[in-house]
Each structure stands twice: as structure tokens, then as C-alpha cells.
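Biologist: Could you take me slowly through one part of this model, beginning with a loop residue and then turning to the helices?

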Amino acid sequence: MINLVQLHLSRGIKTWYAEINENGVRKYRSLKTKNKKEAMTLLTKLNSVSSSKLSLQTVWERYMQSHVYSKHTVSLYNALYKTFPPELLKRHFSTLTRNDWMFLFGNENWAVNTRKTYKSQLSAIYNYAIAEGFCNKNVIREIRLPQCIREHAILTKEQVDAIVTQIKPKYKVVIALMAYAGLRIHEALKASSRDVCGDYIQVLGKGNKQASVPLSEQLKAMLPEQWDCNGIPKTTLAYELKRAAKEVGIEGNIGFHIFRHSLCSNLCKANVPIVAISKIMRHSRVSTTLNIYSHVFNGDLKSAVDKL
């Protein structure tokens with residue numbers, strides 16, 4: 001960083017100097033002018049030249065020193081830093097281009113989500129560098145990552161019914177809410193009979209958004225008059241779910257969210273309109289439903305053309 005100072009003002013000398021701080025060592029350079037406006041103009045040029053010579057390593061260190069992150073976030077940044085080749089760290093930050101970063105985003109051995117995280121982190125560093133005057137363009141924004149459409153494991157309607165049947169009575173309501181209403185685990189664990197109003201249940205969803213979720217006749221028949229899912233340990237519920245799944249012959253790592261994916265997929269296969277499914281799932285856009293469950297529709301393409 002370069003600052004503007006007058007070193008010898010006490011002796012009547014009004015010449016302006018540039019104070020340059022390099023690795024904790026202060027150096028001074030005369031700007032050869034007593035006019036502050038001229039000195040500011042020269043200082044701006046010096047700052048621009050000085051900033052353009054900062055290495056990637058220096059910009060990285062300044063960014064990390066100027067931001068306070070959790071241990072988890074710091075560990076993610078450290079993981080990214082370890083991928084940088086030594087020669088890249090020595091390069092002037094302002095000279096780096098889109099192609100210099102493609103070794104990160106073109107690496108197919110890394111999951112798409114990993115590459116998305118790296119892109120987000122680098123973009124934040126570039127935004128910081130632009131604000132500080134270290135560069136004038138965020139080249140990371142020019143990089144386009146491939147879309148990843150993941151096929152989720154799903155259960156058939158018969159498998160869902162079989163699992164719910166095997167669940168112990170005191171855990172059955174919370175599992176049924178996930179299986180037949182599509183509630184997320186954190187939503188189901190906060191639900192109680194007080195939230196039910198006719199054919200709907202009021203839930204507090206993502207982003208603390210209130211929502212009314214429809215209850216099927218099958219689910220309503222399972223709900224006792226008074227019930228409360230608050231206080232049920234998540235770990236105990238996970239163990240009970242795994243036990244029930246094993247009882248009906250479903251092995252492997254089965255999670256709570258499989259019920260939500262299964263409900264949506266089974267509704268798709270039952271030819272329920274996609275707009276209605278999107279509203280039941282409480283997706284912000286219909287395109288979200290289509291992107292996540294496109295594999296379900298692709299599987300029915302043959303039957304679709306056969307109807308012509």
C-alpha cells in the first residue's frame with residue numbers, strides 16, 4: 001500500500017513523498033511537487049503500477065487477512081490454495097487470464113460441486129482485488145461449468161408403504177410426513193397436530209418461509225388426534241429408518257431425503273401435472289423440478305411416442 005506524506009514539514013519543506021510499505025519495511029520516494037493535487041495524481045499512478053505487480057500469493061494472503069471466516073470455510077480455502085502450482089503463485093495477479101484457471105475447472109476427476117465451490121471462492125477473491133485496485137476484471141465470471149444432473153435414488157410406492165409399516169408407532173408420524181407429504185427432515189421434526197388445518201399442514205420451510213402442504217387421505221388416516229414430533233432425536237430416527245428398510249429387504253445407506261425424491265418421482269410417473277408437483281415440493285420455479293427429476297421424464301419418452 002502507498003500513502004501520501006510530507007516528511008520535512010517541520011523544516012518548512014512542503015515536498016510530498018510516497019510512503020511505500022513492502023513486507024513491513026517503509027520506503028519513501030519523492031514526488032517532486034509541493035502541490036497536493038499533483039501529488040495525489042502521481043500517487044494514483046504509483047498505486048496502479050504497484051498493484052499490477054502483486055503476485056497471486058500476495059493477493060491471496062491479503063484477502064485472507066482482511067476477511068474473518070469460520071474454521072470450515074478457511075479449510076475450504078486452504079484446500080483450493082493447495083491446488084495452485086508454485087509457478088502460478090508467483091505470477092502477477094493482474095496478468096492471469098481465464099485460461100490460467102482452466103486446470104481447476106476442466107478437471108473431470110473433481111465433482112461438479114467441488115468445482116462450483118472453487119469458482120465461488122476465486123470469484124470472491126477477484127471481487128476483492130477489483131475493489132482494492134489490484135486488477136480491473138473478474139476473469140472467473142467468463143468460465144462456464146458443466147451442468148450436473150444427478151439421478152437420485154428413489155423408492156417405489158410399494159417400497160415406501162412397506163417401510164412406513166415397519167416403523168415403530170412413536171416414530172411413524174414423522175416418517176409418514178416425509179414419505180407422503182414430502183416434508184424435509186427439519187420440517188417434520190418441528191411439526192405437531194396444532195399445525196394441521198383441515199386437509200393441509202402449516203410448515204416453516206427453507207428460508208423461514210411459511211407454507212401450506214396438502215395431506216393425502218392415506219396420511220390423514222395415519223395421524224392420531226394429538227401428536228408432536230418435537231424432541232425426537234434425529235440419530236435415533238435414522239437408526240429406526242435403517243432398521244425398517246432392512247426389514248423389507250432394502251440394504252445400503254438410506255437417508256431421510258429419499259422419501260421426498262421418491263414422492264416427487266412417483267407423482268411424475270402417475271402423470272400428475274408438473275406445475276402441481278412443483279407446488280407440492282415447494283420449489284421456487286417449475287424449472288427446478290424439471291432439472292432435478294428430468295431422468296424420470298426421460299424414462300417415459302418411449303411410452304410417450306407410442307401414444308401417437
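Modeller: Serine 193 sits in the loop that runs between helix H9 and strand E4 (196-197), where helices (H or I, at least four residues) and strands (E, at least two) are DSSP runs numbered from the N terminus. The model is predicted, so local features need pLDDT of at least 70 and side-chain atom pairs count only at pLDDT 80 or more, whereas totals for chains, interfaces and linings use all residues. Residues are numbered from 1 along each chain as its sequence is written, and side-chain values use heavy atoms, leaving out hydrogens and water.

With a relative accessible area of 15%, serine 193 is buried (under 20%; exposed is over 50% and partly exposed lies in between, with a 1.4 Å probe and protein chains only). Leaving aside residues up to four places away in sequence, serine 193 touches Glu225, Gln226 and Trp227, contact being heavy atoms within 4.5 Å. The side chains of serine 193 and glutamine 226 also make a polar contact at 3.4 Å (N or O atoms within 3.5 Å, one able to donate a hydrogen and the other to accept it; residues adjacent in sequence count only if both atoms are from side chains).

Turning to helix H11 (residues 234-247), we find Leu237, Glu240, Leu241, Ala244 and Ala245 as its buried residues. Seen down the axis, these fall within an arc of 135°, so they line one face of the helix; the arc is taken from the directions from the axis to the C-beta atoms. They pack against helices H7 (157-166), H8 (169-181), H9 (185-188) and H12, while the face turned away from the buried side carries the exposed residues Thr235, Tyr239, Lys242 and Lys246.

Note on methods: The expected span of a helix is 1.5 Å times one less than its number of residues.
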